[in-house]
Amino acid sequence: LVSATFPVDVRALADKVQKDAAHVEGTRLGSANTDIEHVIHLVHPREKLGALVNLLLESPDAQTLEFARTRADVADIADELGRAGFRVGALSGDLDQAARTRALGAFKRGDLQALVATDVAARGIDVQDIARVVHVDVPTNPDSYTHRSGRTGRAGRRGTSALLVPPSAFTQATRVLSRARVAHTVAPIPSADQIRRVTD
């Protein structure tokens, strides 16, 4: 049984079905992956799409996995980013298995710059080159945050886990990060001038 987190109910299930199991930890339980930089970007809700665009423009060659709360949000964000000219796919329960397989395959091959997904659809995604995870909505609990952010910073690579946080949800976001035992910084979204310097 392999898991990024072992909440009480998962450990109870493991103890029930496994006999004489060896316990192996990749990192000490409760310790954060030091290859991931955790960043909060304070963004008003109406400015989230612009913030996503600027994050993608800042690193045009990097693969980004974006988490949204609902299937409708996933579809809307993917549509908006596609109209803005990005190579983007969607991964949610609204898609049949063949469509999910195609989207994930395109992302793994590097054909997509970004993949927008719900938590459930993104479980088990194994793509080594994800440079950034973006939490479009603040995760509701530390386990969800750990699973999401753990899609980056893998196999010795560095990664960034960025949260788009409305000012009214700042306390909630810092509480989730504190419970997930990760240190974070607060930084502005890259400006147009910064993006021009990167892309020129």
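## Overall fold

Contacts between residues 24 or more positions apart account for 76% of the contacts in the protein chain with a separation of 6 or more, where contact means heavy atoms within 4.5 Å. The structure is a predicted model, in which local features need pLDDT of at least 70, side-chain atom pairs count only at pLDDT 80 or more, and totals for chains, interfaces and linings use all residues. Residues are numbered from 1 along each chain as its sequence is written, and side-chain values use heavy atoms, with hydrogens and water left out.

The protein chain holds eight helices and seven strands; these are DSSP runs numbered from the N terminus, helices being H or I of at least four residues and strands E of at least two. Along its principal axes the C-alpha trace spans about 60 × 40 × 30 Å.

## Burial and charge

Of the 200 residues, 40% are buried, meaning under 20% relative accessible area with a 1.4 Å probe, protein chains only. The mean positions of the 26 positive and 24 negative charges lie 4 Å apart. Lys and Arg count as positive and Asp and Glu as negative, without His and the chain ends; each charge is placed at NZ of Lys, CZ of Arg, CG of Asp or CD of Glu.

## The sheet

The seven strands form an open sheet in the order β3-β4-β2-β5-β6-β1-β7, with parallel pairing. β3 (88-91) and β7 (185-186) are at the edges with a single partner strand each, so one side of each has no neighbour in the sheet. Two strands pair if DSSP finds at least two bridges between them.

β1 and β6 run parallel and are joined by seven bridges, with I36 opposite G159 in β6.

In β2, five of its five residues are buried. Q63, L65 and F67 point one way from the strand, and T64 and E66 the other way. In a regular strand the side chains alternate between the two faces of the sheet. Five bridges join β2 to β5, where Q63 stands opposite I130. Another four join β2 to β4, with F67 opposite A117.

Helix α2 (residues 48-58) has K48, A51, L52, V53, L55 and L56 as its buried residues.

Methods
Buried < 20%, exposed > 50% of the residue type's maximum accessible area, 1.4 Å probe, protein only.
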